[in-house]
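Please keep the sequence and the 3D view open while reading.

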Amino acid sequence: MEPIKNRYDFVFYFDVKDGNPNGDPDAGNLPRIDAETGHGLVTDVCIKRKVRNYVLMTKEEKPPFDIFIKEKAVLNNLIDKAHEVEEVKDKEKGDKTEAARLWMCKNYYDIRAFGAVMSTGKNAGQVRGPVQLTFARSVDPIVALEHSITRVAKTTEERSETGGSEMGRKYTVPYGLYRTHGFISAHLANQTGFNQDDLNLFWEAMQNMFEHDRSAARGEMNTRKLIVFKHSTALGNAHANDLFARVTHNKSVDGPARNFSDYEIYLDGNTFPETFKIVDAE
């Protein structure tokens, strides 16, 4: 299948209720926050991880939908493996890197979509992926709540002799609606082979990834709106910032929001019922 021929830009809204959407390990796993404004943040890496996990689950690690960046993967071993396949190993040195790069793109979905640095092993080059995301930012400031928790079971014999409970901390956001922007380049898709099936899988993952990522720590997280602007050409019909300005939101309650129903989201000034909507970028 040929790579996609159209450029896409999209706006993605998701929310969290009584959970921690993306803890910061440098801050004791507190929810990430903009210290100046109080708005919550979720990294692009976090969102891409959930997309990868969805593809892993639905495609069962089978090429061409295997995942390069996954838990316990030894990346250099995967890169070295590319140099051992028939279509790569007999190439001359200069051509071997390019052949290995093409093989990696063909077999790993996340390389085709997000790109990868593959020069740490036997060298399969570097790939800039066509799908890029910004950090997600909450539409209003969030409050990070701290909860004390206890554990009666002990991890060692020595600790079991002390008696009593051990204390811990858990952090949650009571409610936050987050917005992120995304970009899909047809020119970069041509370099990685990112095709229509890959694109359809990406949209599917963005709509369903939270449904298979449930945990008490993450509370209730849900995709709320995915508005996609499809350009008629690879270069595009409009600037991304002008398209993103067509999507707005408004809080309909005076106090702090605690549910998605406390917000309304508009496209060109009008509400719309669809969770996933593709419109022309004109």
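## Helices, rings and charges in a predicted model

In helix α1, the buried residues are Asp44, Cys46, Ile47, Lys48, Lys50, Val51, Arg52, Tyr54, Val55 and Leu56. The model is a predicted one, and in it α1 runs over residues 44-59, with 16 residues and a reach of 22 Å from its first C-alpha to its last, close to the 22 Å expected at 1.5 Å a residue. After α1 comes Glu60, which has a positive phi, near 55°.

Helix α8 can be read in a similar way. Its 13 residues (196-208) should span 18 Å at 1.5 Å a residue, and this agrees with the 18 Å between its end C-alpha atoms. Where α8 starts, a side-chain oxygen of Asn195 comes to within 3.0 Å of the backbone nitrogen of Asp197. Asp198, Leu199, Leu201, Phe202, Trp203, Ala205 and Met206 are buried in α8.

**The chain as a whole**

The chain has nine helices and 15 strands, and its C-alpha atoms fill a box of roughly 65 × 60 × 35 Å along the principal axes. Of its 282 residues, 46% are buried. Among the contacts with a separation of 6 or more, 70% are between residues 24 or more positions apart.

**Aromatic pairs**

How many aromatic pairs are found in the whole structure? The search gives 15. In one of them, the ring centres of Phe65 and Tyr109 are 6.2 Å apart and the planes stand at 40°, so this pair is tilted. Because Phe65 lies in the loop between α1 and α2 (75-82) while Tyr109 lies in helix α5 (residues 109-114), the pair ties together parts that are 44 residues apart in sequence. Phe65 counts as buried at 16% relative accessibility, and Tyr109 is buried with a relative accessible area of 1%.

Phe202 and Trp203 also form a tilted pair, with 5.4 Å from centre to centre and 55° between the planes, and both of these residues are buried. They belong to one aromatic cluster that is formed by Tyr8, Phe10, Phe114, Phe202, Trp203 and Phe276.

**Salt bridges**

The count of salt bridges comes to 21, and the table gives some of them.

| Salt bridge | N to O distance |
|---|---|
| Lys70 and Asp66 | 3.1 Å |
| Glu86 and Lys89 | 3.7 Å |
| Lys106 and Glu87 | 3.1 Å |

Lys106 is partly exposed at 45% relative accessibility, and Glu87 is partly exposed with a relative accessible area of 42%.

Glu86 is exposed, with a relative accessible area of 57%, whereas Lys89 is partly exposed at 36%. For the remaining pair in the table, Lys70 is partly exposed at 21%, while Asp66 is buried at 11%.

What does the side chain of Arg179 reach? This residue sits in strand β10 (residues 166-184), and it is buried yet has no salt bridge, as the nearest side chain of opposite charge, that of Asp268, is 11 Å away. The side chain of Arg179 does reach the backbone oxygen of Phe244 at 2.9 Å. Leaving aside neighbours within four places in sequence, the contacts of Arg179 include Val11, Phe135, Phe244 and His249.

Arg7, in the segment before β1 (8-19), counts as buried at 17% relative accessibility. A polar atom of its side chain lies 2.9 Å from the backbone oxygen of Leu235, and a polar atom of the Arg7 side chain lies 3.1 Å from the backbone oxygen of Ala238.

Val173 is likewise placed in strand β10 and is buried, with a relative accessible area of 0%. Not counting residues up to four places away in sequence, Val173 touches residues including Val16, Pro31, Ile142 and Tyr178. Val173 and Thr43 are 130 residues apart in sequence, and their C-alpha atoms are 16 Å apart in space.

Definitions and conventions. Residues numbered from 1 in each chain as written. Predicted model: local features only at pLDDT ≥ 70, side-chain atom pairs only at ≥ 80, totals over all residues. Heavy atoms only, no water. Helix = DSSP H or I, 4+ residues; strand = E, 2+ residues; numbered from the N terminus. Buried < 20%, exposed > 50% of the residue type's maximum accessible area, 1.4 Å probe, protein only. Lys, Arg positive; Asp, Glu negative; His and termini not counted. Salt bridge = Lys/Arg side-chain N within 4 Å of Asp/Glu carboxyl O. Polar contact = N/O pair within 3.5 Å; in protein donor to acceptor, adjacent residues only side chain to side chain. Contact = heavy atoms within 4.5 Å. Expected span 1.5 Å × (residues − 1). Phe/Tyr/Trp six-rings, centres within 6.5 Å; stacked < 30°, edge-to-face > 60°.
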